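Hi,

Here is the structure I promised to pass on. Have a look at it first, then read my notes below.

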Amino acid sequence: MYDDHYGLTERPFQLTPDPRFWFDTATHRKAMAYLGYGLAQGEGFIVVTGDIGAGKTTLVGHLLDTLDRQALNPLHIASTAIEADDLLRIVATQLGVDPAGLAKAQLLTAIERGLHAVARTGRRTLLIVDEAQALAVSALEELRMLSNFQAGGHPLLQILLLGQPEFRERLHGSDRLEQLRQRVIAIHHLDPMGPDEVADYIGHRLSVVGWQGRPDFVEDAFTALYRGSGGVPRRLNQLAGRVMLHAAIEGRDVIDGAMVDAVVADLQADLPMATPSPAPGPTSAAATPPTADPAIIARLAALEARVETQDVALRRVLTLLVDWVEADSRAVPVPIRGAA
């Protein structure tokens, strides 16, 4: 393997998320700021979305590594293609409650008692739900109901939802999720890293595994790595790993853009990697089917414009809040170690 060839302690570009390789891209740094703000509020829902491979699982791993466990009791549900009742049983199990044989009313009572038991230790519970786009509306409603549990006027449970972009669209567009939407106190979308971040990202991951400058990278290699991956962390890891393997096989100690482009061509032939597509623009009249009802088209356009306006306004408000948190972080007790 290339790690032995270059004297590395392990592979730096493994696809399995590992918090040790956490790297502060601009979008991940902003996500942590939103998480810090949301956790400081101690209630409601925090939502983080991102495309496949954007680093959501790595973000969760980093969050779990930095949480103050004396203030928060984190629960993590990674598989969400489940029905509402099964979701409740998983939550109960993670709270140390045996859900076997319990009817729904009994199950909810048991979960509330479990949350109270955690609260008596001086902590509140943070429920992290991954792949939220797979949850049925009924399951999301159950989560909203769980967020109602209180003790002395203080919420017992806060919920972090992570999902793919369609979850954000679903959250904004479903009337059935209006009550949950009103309880979202922070939301962020993980974008791909910028072209200027690729070199630092590669260098960081190599340094974690003992890289001593071999192989070296020519500047245009980073440009080619960005071009071939779109800045998506998982795609970049896949591409960089293949480039390192190719260089080791060829006995090369310098990686340049031409080598990266050659590996990209091989990857596209063996296992095509989808490239990020541009965001869809407004629907043109030419694209409208001749048989479409003009009234329906007008109504859809109005709804899309309203959603877009609300999204822009929400981003503006939250950006101001994040700037305030970053400027005066010591005035807000954020339950993340080292962030006080």
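This is a predicted model: local features need pLDDT of at least 70, side-chain atom pairs count only at pLDDT 80 or more; totals for chains, interfaces and linings use all residues.

Residues are numbered from 1 along each chain as its sequence is written, and side-chain values use heavy atoms, with hydrogens and water left out.

Rings of Phe, Tyr and Trp (its six-membered ring) pair if their centres lie within 6.5 Å; planes under 30 degrees apart are stacked, over 60 edge-to-face, and the rest tilted. That rule gives two aromatic pairs. Phe23 and Tyr201 are edge-to-face, because their planes sit at 80°, with ring centres 5.8 Å apart. This pair links distant parts of the chain, 178 residues apart: Phe23 is in the loop between α1 and α2, Tyr201 in helix α9 (residues 198–208). (Helices are DSSP runs of H or I, at least four residues, numbered from the N terminus.) Phe217 and Phe222 have planes at 20° and centres 5.5 Å apart, so they are stacked.

Buried means under 20% relative accessible area, exposed over 50%, partly exposed in between (1.4 Å probe, protein chains only). Phe23 is buried at 18%, and Tyr201 is buried at 5%.

Thr25 is in the loop between α1 (2–5) and α2 (26–41), and its 3% makes it buried. Beyond neighbours within four places in sequence, Thr25 contacts Met193 and Glu197 (heavy atoms within 4.5 Å).

Finally, Arg235, in helix α11 (residues 233–250), is partly exposed at 22%.

Cheers

Methods:
Helices (H or I, at least four residues) and strands (E, at least two) are DSSP runs, numbered from the N terminus.
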